[in-house]
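User: I'd like to learn how to read side-chain packing in a model. Could you take me through it one feature at a time?

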Amino acid sequence: MNLQKLKDLAPVQLACQLARETGVPMYLVGGAVRDTLTGVFFGGDCDFAVAGRFDDIVGAFTRRVKGHAIPWDFNQTRIVYRSDSGASESVDFAKFKAPDIDGDLRLRDFTINALALDLRKLCETGDTPLIDPLGGRQDIQNKIVRMCSSRSFDDDPLRMLRAIRFARQLGYTIDFQTFS
């Protein structure tokens with residue numbers, strides 16, 4: 001699946017509609033983008049980063065899919081719902097942790113997850129440049145798990161376990177500084 005085909009996914013289409021309606025910048029981030037680049041994404045894990053009006057957007061998405069919102073913390077919510085086919089699905093929404101998408105991506109766990117697509121551009125034109133401020137695409141090609149910053153594990157110690165899981169699951173190597 002190429003990146004442009006992500007716009008055909010139902011949760012992405014709804015998120016695009018909400019971005020247009022609210023005028024709030026929203027991005028598809030993380031695993032869906034990573035896994036699409038590696039050719040193993042089949043539409044099951046969409047994460048969205050939202051620049052503003054977080055509660056309004058989460059509420060609107062939840063109502064439209066007739067789902068349930070589960071807050072993870074003050075900045076993140078998972079929405080669980082049934083797809084048209086009856087399958088259980090979920091999407092995650094997160095507030096920006098920085099003033100812009102580049103800054104937000106730099107605060108994520110690993111470079112292979114610090115990737116984003118602008119939803120409005122993706123859905124309006126079918127094409128959008130990959131936002132990759134930390135070289136995540138190169139790390140995917142080289143099969144390396146690398147932390148985004150020296151603070152990655154201080155910000156969330158569970159990321160150490162995620163590094164091991166990603167390395168095992170994806171067949172990647174943990175970069176030396178990250179491993180140390």
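This is a predicted model: local features need pLDDT of at least 70, side-chain atom pairs count only at pLDDT 80 or more; totals for chains, interfaces and linings use all residues.

User: How does Phe-166 pair with Phe-110, by centres and planes?

Analyst: Planes over 60 degrees apart count as edge-to-face. For Phe-110 and Phe-166 the planes are at 85° and the centres 5.9 Å apart, so this pair is edge-to-face. Phe-166 belongs to helix α8, while Phe-110 is in the loop between α4 and β6, so to speak a link between distant parts of the chain, 56 residues apart. Both Phe-110 and Phe-166 are buried.

User: How many aromatic pairs does the structure hold?

Analyst: Six. Ring pairs also join Phe-48, Phe-61, Tyr-81 and Phe-93 into a cluster.

User: And the nonpolar core?

Analyst: In soluble globular proteins, nonpolar side chains tend to be buried together. The largest core here has 42 residues, and Val-145 is among those with the most contacts inside it. Beyond its sequence neighbours, Val-145 touches residues including Phe-110, Phe-166 and Ile-174. A second, separate core has 10 residues, among them Tyr-27 and Leu-105.

User: Is helix α2 mostly covered or mostly exposed?

Analyst: Mostly covered: six of its eight residues are buried. Those buried residues pack against β1, β2, β6, α6 and α8. Just after α2, Gly-39 takes a positive phi of about 85°.

Technical notes:
Residues are numbered from 1 along each chain as its sequence is written. Side-chain values use heavy atoms; hydrogens and water are left out. A nonpolar core is a set of buried Ala, Val, Leu, Ile, Met, Phe, Trp, Tyr and Cys residues joined through side-chain atoms within 4.5 Å. Buried means under 20% relative accessible area, exposed over 50%, partly exposed in between (1.4 Å probe, protein chains only). Contact means heavy atoms within 4.5 Å. Rings of Phe, Tyr and Trp (its six-membered ring) pair if their centres lie within 6.5 Å; planes under 30 degrees apart count as stacked, over 60 as edge-to-face and the rest as tilted. Helices (H or I, at least four residues) and strands (E, at least two) are DSSP runs, numbered from the N terminus. Lists of a residue's contacts leave out its neighbours within four places in sequence.
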